[in-house]
Amino acid sequence: MSTLLNIILYSLPTLIALLFLYWVAKDVWFNFNVKNDKKIDEIIRQNNELKQEIADLKKRIQ
């Protein structure tokens, strides 16, 4: 019985630390993905604006 108790007592802090590290890593990865998605959306928006400006300039030239 004491062996089982020792295993639980010594492994519990390790499990808590691993869960905490997993939570931090997941949070950092989620924020990284959200920031990249926002940057990609901004690039796509700028690209569409430039395409529209090019189309407008082509109409002016003709």
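Select E42. Its relative accessibility is 31%, so E42 counts as partly exposed. The cut-offs are these: buried is under 20% relative accessible area, exposed is over 50%, and partly exposed lies in between, with a 1.4 Å probe and protein chains only. Keep in mind that this is a predicted model, where local features need pLDDT of at least 70, side-chain atom pairs count only at pLDDT 80 or more, and totals for chains, interfaces and linings use all residues. Residues are numbered from 1 along each chain as its sequence is written, and side-chain values use heavy atoms, with hydrogens and water left out.

**The charged stretch**

The side chains of E42 and R45 form a salt bridge, 2.4 Å from N to O. The term requires a side-chain nitrogen of Lys or Arg within 4 Å of a carboxyl oxygen of Asp or Glu. E42 and R45 are three residues apart in helix α1, about one turn of the helix. R45 is partly exposed, at 37% relative accessible area.

R45 and E49 are four residues apart in helix α1, so about one helical turn separates them. E49 is partly exposed too, at 39% relative accessibility. Shared partners join E42, R45 and E49 into one salt-bridge network. How many salt bridges does a search of the whole structure find? It finds two.

**The helix itself**

Zoom out to α1, residues 2-61. Helices here are DSSP runs of H or I, at least four residues long; strands are runs of E, at least two; both are numbered from the N terminus.

Go to S11. Here α1 bends by about 30°, and the proline P13 follows within four residues. The bend is the angle between axes fitted to the seven residues ending at a residue and the seven starting there.

**The nonpolar patch**

Select L15, L18, F20, L21, W23, V24 and V28. Together they form a nonpolar surface patch with about 720 Å² of accessible area. Patch members have over 30% relative accessible area and no salt bridge; nonpolar side chains (Val, Leu, Ile, Met, Phe, Trp, Tyr) are joined within 5 Å, like charges within 9 Å. Areas come from the Shrake-Rupley method with a 1.4 Å probe, and for residues only the protein chains shown count as cover.

F20 is partly exposed at 48%, while W23 is exposed at 51%.

**Last stop**

Select K35, also in helix α1. K35 counts as exposed, at 54% relative accessibility. From K35 to A25 is ten residues in sequence and 15 Å in space, C-alpha to C-alpha.
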